[in-house]
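Subject: Structure for you to look through

Hello,

Here is the structure I said I would pass on.

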Amino acid sequence: MPIRDAALLLLGHGSTLNADSSAPTYQHAEEIRRRNVFAEVHVAFWKEEPNFRQALRQTSRRQVYVVPNFISSGYFTEQIIPRELGLSGPVTRLEDRDIFYCEPVGLNPAMTEALLRRAGEVVAASREKIPDPAKSACLFICGHGTSLNDNSTKIIHEQAEIIRARGLYADCQPVLMEQRPFVKDWRALTDCPDVIVVPFFISDGLHSFEDIPVLLGLTHNIKEQGFTNPHCEKERRLWYATAIGTEAFVADVILAQVRQFQNEHSKTRNASDAMAEGPSIADELFEFMEASPSPWKLGELVVRPAHDDSFHILHQDDLECDPASLRCLQSLEDLRELIRLDREGNFRPLRAAPNLRRGWLLHAPDSNSLQMALDYLTPAGLANWKLWRQGTLLATPWRETAGRQSGRFRIVREIDDAAIQELVEKHCEHGCLKKRLWAPAAQAVEALPNEIPLLCPEACNFLVGKAREKLKGVDEA
């Protein structure tokens with residue numbers, strides 16, 4: 001099957017606390033979508049919507065290439081992603097589909113040049129320069145570090161070794177947030193008067209904006225408080241860069257990981273090659289709209305027919321407004337910026353929260369572009385609705401969701417049903433428009449003729465985080 005007939009699924013970490021965490025994954029997906037390499041391009045996240053468990057529901061393509069937008073091959077890529085997606089290896093047969101699991105982007109050799117480029121750029125952009133880095137500068141490659149999987153830090157050590165061997169800097173060392181060698185010990189790790197720290201991370205989120213600067217002794221929040229390179233301390237200078245995963249070239253790296261997979265598995269024979277595609281979500285959506293009176297409702301959204309078989313999407317409170325008075329969104333990037341923050345300007349981790357900003361209009365020229373726009377506005381909402389309509393959407397009880405949590409979220413396994421009901425009443429009843437299908441907080445769902453219900457087949461990561469806060473306390477969490 002040609003790659004143009006397959007789907008690409010790009011997986012990121014995401015966050016319920018930071019609006020910047022998922023941005024690079026969306027940006028790279030949008031760039032690849034513009035190139036028309038794949039029939040479909042979708043995203044999913046560990047800590048945002050749509051989550052890993054709902055990832056494959058977004059497409060009915062018979063072949064799906066899965067690329068983790070992660071730096072290393074470790075805990076997430078070797079344990080979490082395979083478990084959540086039901087993968088058994090590089091090639092997994094799931095019912096009538098073939099899922100091709102590629103290497104994470106951070107393992108691509110191009111990352112070495114990206115690290116060097118970012119280190120050079122941060123110094124070049126400052127007023128002070130380093131005359132001869134090969135004699136006076138130490139480059140620190142900063143990673144996360146975890147005791148859950150030894151491979152998580154392997155690539156960071158390897159990159160430091162490769163760069164050190166080139167002799168471009170007097171020294172190059174790996175440093176980590178949660179393992180030795182600790183980034184907080186940078187003063188003792190090198191005697192070089194000039195120090196450059198490059199975060200080997202996909203996004204500029206909590207770690208690069210807040211955690212690492214604090215560990216370096218710079219500031220509590222670079223994004224909010226600002227920071228001017230270099231930081232001077234006694235007779236030493238320190239330059240701090242941004243994460244490398246935000247670079248535009250990462251889209252090329254993602255495609256390179258797909259090509260590498262194809263080269264390494266070129267002899268794989270797939271039964272899905274000879275099978276026709278099943279009905280798509282866009283097909284199901286068009287069938288529903290043909291049989292239902294317009295306008296159609298989805299959460300706070302309204303979809304109504306425009307001219308030439310196209311559609312308009314707008315906020316339900318703007319339905320009676322003159323379209324000329326609404327801001328016309330020109331792209332998916334505009335749409336992503338709209339849904340990122342709520343009406344008060346705060347991060348909006350729940351896309352089904354009843355706080356979507358008003359005053360906009362989006363034109364979708366066909367049912368496929370309509371589906372893509374609705375996927376941004378209500379991640380996996382249409383995918384779950386399609387399965388529910390067919391009677392095949394499975395609900396995941398809270399106990400099972402809690403049992404899958406690991407690391408610092410493992411503690412939520414201890415919370416009882418009464419406490420979960422309290423959290424549901426506090427955060428879900430008035431803070432989310434989805435209908436819960438999972439025990440012990442399931443709700444009845446009514447099928448209305450012109451409404452697509454937003455469905456919640458399992459407790460979301462936002463609620464999981466609130467469960468941890470309830471057990472550990474807000475400050476500790």
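Predicted model: local features only at pLDDT ≥ 70, side-chain atom pairs only at ≥ 80, totals over all residues.

On the α3 side, the contact is made by Met 111, Thr 112, Glu 113, Leu 115 and Leu 116. On the α5 side, Gln 159, Ile 162, Ile 163 and Arg 166 take part. Sorted by class, the contact of α3 with α5 has 5 nonpolar, 2 polar and 2 charged residues.

The second pair is α10, residues 281-291, and α12, residues 367-377. Here the angle is about 105° and the axes are 9 Å apart. These two helices are therefore also roughly perpendicular to each other. From α10, the residues involved are Ile 281, Ala 282, Leu 285, Phe 286 and Met 289. They meet Ser 367, Asn 368, Leu 370, Gln 371 and Leu 374 in α12. By class, this contact has 7 nonpolar, 3 polar and no charged residues.

A helix with a buried side

Next, find helix α15, which covers residues 417-428. Which of its residues are buried? They are Ala 419, Ile 420, Leu 423, Val 424, His 427 and Cys 428. These residues cover an arc of only 145° around the axis, so they are on the same side of α15. The face of α15 turned away from the buried side carries Glu 425 and Lys 426, which are exposed. What lies over the buried residues of α15? The cover includes α14 (398-403), β16 (435-436) and α16 (461-472).

Backbone details

Two cis peptide bonds can be looked up. One joins Arg 180 and Pro 181, with omega at about -5°. Pro 181 is in the loop that runs between β7 (171-176) and α6 (186-189). The other goes from Ala 439 to Pro 440 and has omega near 10°. Pro 440 is in the loop between β16 and β17 (455-456).

Two residues have a positive phi without being glycine. Glu 95 has a phi of about 55° and is located in the loop between β4 (91-94) and β5 (97-101). Is Glu 95 buried or exposed? Its relative accessibility is 76%, so Glu 95 counts as exposed. For Asp 309, phi is about 60°, and the residue is in the loop between β12 (301-305) and β13 (311-315). Asp 309 counts as exposed because its relative accessibility is 68%.

Ser 406 is in the loop between α14 and α15. With a relative accessibility of 13%, Ser 406 counts as buried. Apart from its neighbours within four places in sequence, Ser 406 is in contact with Tyr 75 and Ile 80.

Asn 69 is in the loop between β3 (63-68) and α2 (75-85). Its relative accessible area is 2%, so Asn 69 is buried. Which residues does Asn 69 touch, not counting those up to four places away in sequence? They are Leu 10, Leu 11, Pro 24, Thr 25, His 28, Val 105, Ile 202 and Val 250. Val 250 is 181 residues from Asn 69 along the chain, yet the C-alpha atoms of the two are separated by 9.1 Å.

Lys 472 belongs to helix α16. The C-alpha atoms of Lys 472 and Glu 446 are separated by 37 Å, and the two residues are 26 apart along the chain.

Regards

Methods. Residues numbered from 1 in each chain as written. Heavy atoms only, no water. Contact = heavy atoms within 4.5 Å. Helix = DSSP H or I, 4+ residues; strand = E, 2+ residues; numbered from the N terminus. Nonpolar A, V, L, I, M, F, W, Y, C, P; charged D, E, K, R; others polar. Axes fitted to C-alpha atoms, helices over the stretch in contact; angles between N-to-C directions. Parallel < 35°, antiparallel > 145°, perpendicular 65-115°, else oblique. Buried < 20%, exposed > 50% of the residue type's maximum accessible area, 1.4 Å probe, protein only. Arc of directions from axis to C-beta.
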